[in-house]
Amino acid sequence: MTTETVDFASTLQSLGLGDGWVWNKGSWWLAPPDATDVRATAQRMIQLDARFVAITAIERADKEIRIDYQWDLDGRLLSFVCATHDGKIPTIADLCPAADWVERETHEYFSVEFTGRKTTAPLMTRAGDPLGINLHTGVAK
Amino acid sequence: MSYRIPIGPYHPALEEPYKLELICDGETVTDAVMNVGFNFRGIEYLAERRNYLQGITLVERVCGICSNVHSLSFCQAVEQLNGAQPPERALHIRVVLAELERLHSHFLWSGIAAKLIGFKTIFMACFTLREKVMDALSAISGNRVNYGMNRIGGVNRDIADPQAVLNILDEMEQGIAKTIIPIFLNDKTVASRCKGVGILSREHANAMGAVGPLARASGIVQDMRKAAPYAAYDRFQFNVPVETAGDVQARLVVHALEMMESCRILRQAIATLPSGPIHTTPPTAAKFKVPAGTAISRVEAPRGEVLYQVTSNGTDIPERVRVRTPTFMNMATVRATVLGQELADAPLIQASCDPCYSCTDR
């Protein structure tokens, strides 16, 4: 289908992320021991003409939220596993407009604060509705 | 002088809840504000509080048009977790259902688009053909919507009469090739309403993460059936139609050409339908428990890529079910495509991204 085939190994090297990738159940995963710089990663993916796919938030036992950033690179799904610190993580919506709505709903569902955004207007809920409506534990704010 | 014109929250053409506020300078749209969420049902929240079998039924209700892709994506993700491998016949049946669903969805959208253009004859032609697809879906599954076909490890029902599916393909292909495609491509009325209208550039489509026919009409070659094949798609020959104009007409053409490709896939899937079981052996009492882990399934829905990420903690209830639908990504492109356009074209432009608000809101 594609006119050009991306050399995956070279691509990973160019990302500075040549090691640590694991293929598992539908995606290539990278979960570095230290938190991935989500903004630097987003910039690299954009440079490679990768397509932003999704952000998936998952509650952790320590009350922080695991945040998986998914990008499609020539049909390969790349998942960068990150996490909030004190419920916060930098926004990538200014770098990648496709992430705007996803960040807004993640804010509503899991009360994650995406730092650096000018506003985080409600998307699925309405102004004044509680945040964290998808949380299993804790009280929605 | 600027005017603020609200459309919705019940869209008069699409008959779904969604609000678009257009800021106009005379007849020209200078800005747009979108409000979604009127259909928000908390599907992800609900799916994380039900067992996997209940989850299949639940996610099929995300959308009434592309219900099959939701249960398919969910089941594929769970199958990766528990290692269930659907039999070959089941994989073919999944393709048949998926392509019939694509056909009826594309006929629906083409008909609505024709109606918005003011071409009601084509609206009738599309809906006449769509009824035949619905009849085929009903004959296979017993339902016109929410087919209940997918299960973890295969499908629930066999195709009792494959020839009946083949029989409707002749008529559909003829209708698409002799009526719909020529009119969408060459008719002056269609061109006057659609050519150069609501352009979404390739760069903008990529920046917004657009998927499906909307992205392909803007020159982005992207189709999960080819890029990351699932079910039995890697056994079949088909093309991915791509246009580069990025306007409403390009979206019409991509949809019409994709319908022909769906017919082509259906012919192959039926012709090569293998014999054998349609699902794995019914599991034991432990069937409701899924090994811990995370799996992702991506399916090419009629409107583009659907992603399901399912995380299991080893129990019978998923810890996390993430549903990212195609319209969730495509809707945000509407603002860019209406800017600078005539107010009268705005309903057609925003409908041309083939929006599904049930999918968007979940």
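I started with strand E2 (residues 19-25) of chain B. E2(B) and E3(B) are joined by 7 bridges and run antiparallel. I checked one position across this pair: B:Cys24 stands opposite B:Val29 in E3(B). This is a predicted model, and I read it as such.

Next I traced the sheet. It is open, has 3 strands in the order E1-E2-E3 (chain B), and pairs antiparallel. I asked which strands stand at the edges. They are strand E1 (2-7) and strand E3 (28-35) of chain B. Each has a single partner strand, so one side of each lacks a neighbour in the sheet. I noted an average twist of 20 degrees from one strand to the next.

Then I turned to B:Ala113, in helix H4 (residues 88-117) of chain B. Is B:Ala113 buried or exposed? I found 26 other C-beta atoms within 10 Å; the cut-off for buried is 20 or more, so B:Ala113 is buried. Beyond its neighbours within four places in sequence, B:Ala113 is in contact with B:Leu252, B:Ala351 and B:Ser352. I also looked up B:Leu58, which is 55 residues from B:Ala113 in sequence and 30 Å away in space, C-alpha to C-alpha.

Last, the interface. I find 33 residues of chain B in contact with 23 residues of chain A. Several elements of chain B each supply at least two residues to the side touching chain A, including helix H3 (67-82), strand E7 (304-312) and helix H12 (326-330). The largest share, 6 residues, comes from E6(B). By type, I list that side of chain B as 16 nonpolar, 9 polar and 8 charged residues.

Methods:
Residues are numbered from 1 along each chain as its sequence is written. Chains are lettered from A and ligands numbered from 1 in the order in which they are written. This is a predicted model: local features need pLDDT of at least 70, side-chain atom pairs count only at pLDDT 80 or more; totals for chains, interfaces and linings use all residues. Two residues are in contact if their C-beta atoms, placed from the backbone, lie within 7 Å. Helices (H or I, at least four residues) and strands (E, at least two) are DSSP runs, numbered from the N terminus. Ala, Val, Leu, Ile, Met, Phe, Trp, Tyr, Cys and Pro count as nonpolar, Asp, Glu, Lys and Arg as charged, and the others, Gly among them, as polar. Two strands pair if DSSP finds at least two bridges between them. Axes are lines fitted to C-alpha atoms, for helices over the stretch in contact, and angles run from 0 to 180 degrees between N-to-C directions. A residue is buried if 20 or more other C-beta atoms lie within 10 Å of its own, exposed if 12 or fewer, and partly exposed in between; C-beta atoms are placed from the backbone.
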